[in-house]
Amino acid sequence: MPIVSAHVAHTLGRHLDHVFGVMGNGNAYFLDALHRHTDAAFTAMRHEAGGVVAADAHYRASGRIAAATATYGAGFTNTLTALAESAQARIPLLLVVGDEPTSGPRPWGVDQVALASAVGVRTYTVGDRDASATVLIALEHALTYRVPVVLAIPYDVVMREAGPLTDAGTVTIPAPLPPQGPAASAALDRIADALAGAARPFLLAGRGAWLADAGPALGRLAELTGAITASTALGRGIFPDTAHDLGVTGGFGAEGAMELVREADVAVVFGAGLNQFTMRFGELFAPGTRVFQVDVAPTATHAQVGGFVRADAALAADEIGNRLRSRGAVSSGWRDRVDVAPLREQEAGEGLAPDGRLDPRSAAARIGELLPEDRVVVSDGGHFLGWSNMYWPVSSPDRVMMIGTAYQSIGLGFPSVAGAIAARPDTTVVLTTGDGGGLMAIADLESAVRTAAGHGIAVVWNDAAYGAEINLYGLKGLTREPMLIPEVDFAAVARGFGAEGVVVREVADLEALAEWTRRDPAERPFLLLDLRISGTVIAPYQREIIRVNS
């Protein structure tokens with residue numbers, strides 16, 4: 001007779017195709033059942049946090065939900081930072097874990113439900129009579145609210161007989177949210193009137209617009225109004241017409257592009273949270289710019305927003321377009337009068353910084369020229385974020401992810417490679433990480449090398465320090481010793497895991513990347529570039545943070 005673990009695995013296997021994690025006492029029977037009763041693939045990670053990170057990256061790269069798994073106790077607590085990141089970033093996934101027996105906690109038990117709740121994550125606990133139904137409810141909750149969910153199996157329940165395996169049902173999720181009611185209709189009218197009368201209209205889109213599949217509708221609206229466009233860091237590539245797009249806004253944006261944004265007289269924001277970084281700490285728009293926001297959030301998310309519509313970005317964009325056409329509105333022509341290509345250019349760098357170490361701007365620019373065009377860029381958190389986001393364009397928002405930035409964490413980089421490559425096995429996955437975060441996640445460098453092989457590249461920005469801390473606190477005169485890291489030979493570590501490791505001390509050393517890209521992916525190993533960069537070159541977005549904090 002099938003056991004509870006078999007019911008959990010069977011039901012999950014009907015709704016997702018990948019599980020990531022580490023095996024232990026609490027999930028051994030679940031993993032056995034997953035192997036025996038489903039076609040879902042399991043990727044072993046080397047740290048429990050890595051399982052959650054990989055499942056998170058899988059969803060960001062594909063839009064398909066995945067699961068992570070860990071044992072109870074220490075296995076579960078090891079996932080908490082990654083779980084908090086997914087909660088903050090609104091990423092749906094399931095974390096399948098063992099839990100304390102129904103008879104009560106053991107001496108080493110912890111209150112896992114309370115711990116999950118503390119980071120904003122709900123727990124569903126499986127019983128022997130409702131296992132399949134509970135899995136479906138957990139999946140539906142994750143997908144409906146775009147959040148991670150913990151699915152707990154008490155230790156004395158995992159092997160209980162639970163009856164024949166059945167197809168208990170399917171998961172349903174709500175339809176896109178249309179603009180509803182007279183207030184929303186009036187707000188759409190105000191936006192349409194503002195755009196119809198705008199001389200310099202500007203459209204900004206974020207990850208929420210991508211999740212709403214709003215790219216085509218936004219492209220039509222931009223053409224209709226003659227608007228200049230741009231995206232948030234997580235919405236890069238959403239607008240179909242790149243000729244009139246300024247690229248990413250905020251601290252990652254080119255200075256010329258951001259100066260042009262301040263010329264806009266009307267700005268409409270779709271599916272973007274307008275955090276302090278996107279808004280350049282309140283300086284993205286000029287004081288006189290009329291700013292409107294469309295989002296599924298309950299209310300406007302920034303004080304500068306003067307009109308808000310709660311709605312799906314694609315539906316709202318089409319509604320605005322319909323109103324403009326009914327008014328006989330014509331294009332402002334602003335986009336036709338501006339050559340945006342020069343405005344997107346970033347600083348070229350000096351090759352070597354005054355201290356003799358590699359200028360990260362020069363390295364980033366050259367790597368951007370050499371990377372395969374078909375790529376997904378995954379990023380850890382840290383000062384180096386500026387370089388990849390400024391110099392490595394991507395073709396769509398599902399090809400760039402910053403895992404850690406929502407929760408302001410580091411050390412989640414290497415395991416994200418495994419999730420991204422499982423979602424997109426034929427592309428090249430490029431990781432960007434720092435030496436501090438890289439050392440935290442070093443166990444899952446093995447996972448990255450094993451899973452991505454010749455489709456994977458890791459770029460380690462190695463400045464022998466916690467760069468963000470040096471910039472924020474070292475420059476204030478605080479003791480620097482705790483902020484320093486002995487220079488680690490990441491290239492040698494990578495070779496120990498079976499990768500090709502290259503130390504890059506000058507731009508010419510990046511010829512190794514050019515040679516690697518010319519080889520057949522089936523015949524080349526994973527590549528790690530250990531960039532010995534100067535910490536004296538500070539990314540523009542970090543300079544903004546320094547200015548605000550000083």
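## Basis of the values

The model is predicted: local features need pLDDT of at least 70, side-chain atom pairs count only at pLDDT 80 or more, and totals for chains, interfaces and linings use all residues. Residues are numbered from 1 along each chain as its sequence is written, and side-chain values use heavy atoms, with hydrogens and water left out.

## The parallel sheet

An open sheet is built from 6 strands in the order 14-13-15-16-18-17, with parallel pairing. Strands (E, at least two residues) and helices (H or I, at least four residues) are DSSP runs numbered from the N terminus, and two strands pair if DSSP finds at least two bridges between them. Strand 14 (400-402) and strand 17 (500-504) are the edge strands; each has a single partner strand, so one side of each lacks a neighbour in the sheet. On average, neighbouring strands are turned by 15° against each other, direction ignored. Axes are lines fitted to C-alpha atoms, for helices over the stretch in contact, and angles run from 0 to 180 degrees between N-to-C directions.

Within the sheet, strand 15 (residues 428-434) pairs with strand 16 (residues 456-462) in the parallel sense over 6 bridges. Val 429 stands opposite Gly 456 in strand 16.

## Helices across the sheet

Helix 14 (residues 360-370) lies across strand 13 (375-379), strand 16 and strand 18 (527-532), and runs at about 170° to strand 16. Contact here means heavy atoms within 4.5 Å. Helix 16 (residues 414-423) lies across strand 13, strand 15, strand 16 and strand 18, at about 165° to strand 15.

## Thr 433 in strand 15

Thr 433 is located in strand 15. Its relative accessibility is 0%, so Thr 433 counts as buried; buried means under 20% relative accessible area, exposed over 50%, and partly exposed in between (1.4 Å probe, protein chains only). Not counting residues up to four places away in sequence, Thr 433 touches Asp 380, Phe 384, Phe 414, Gly 438, Val 459, Val 460 and Trp 461.

## Asp 265, buried without a salt bridge

Asp 265 sits in the loop between helix 11 (255-261) and strand 10 (266-270). Asp 265 is buried yet has no salt bridge, and the nearest side chain of opposite charge, Arg 200, is 4.4 Å away. Lys and Arg count as positive and Asp and Glu as negative, while His and the chain ends are not counted. A salt bridge is a side-chain nitrogen of Lys or Arg within 4 Å of a carboxyl oxygen of Asp or Glu.

A polar atom of the Asp 265 side chain lies 2.8 Å from the backbone nitrogen of Ala 199. Leaving aside neighbours within four places in sequence, the contacts of Asp 265 include Ala 198, Pro 201, Gly 288 and Thr 289.

## Salt bridges

By this rule there are 30 salt bridges. One of them joins Arg 327 and Asp 193, with the closest N and O atoms 2.7 Å apart. The pair links distant parts of the chain, 134 residues apart: Arg 327 is in the loop between helix 12 (313-326) and helix 13 (334-337), and Asp 193 is in helix 8 (residues 181-197). Arg 327 is partly exposed at 35% relative accessibility, as is Asp 193 at 43%.

Asp 359 and Arg 361 meet in a salt bridge (2.8 Å, N to O), and both are buried. Arg 399 and Asp 374 also form a salt bridge, their closest N and O atoms being 2.8 Å apart. Arg 399 lies in the loop between helix 15 (385-391) and strand 14, and Asp 374 in the loop between helix 14 and strand 13, 25 residues apart. Arg 399 is buried at 14% relative accessibility, whereas Asp 374 is partly exposed at 38%. Salt bridges that share partners join Asp 189, Asp 193, Glu 319, Arg 323 and Arg 327 into one network.

Notes. A polar contact is a pair of N or O atoms within 3.5 Å; within protein, one must be able to donate a hydrogen and the other to accept it, and residues adjacent in sequence count only if both atoms are side-chain atoms.
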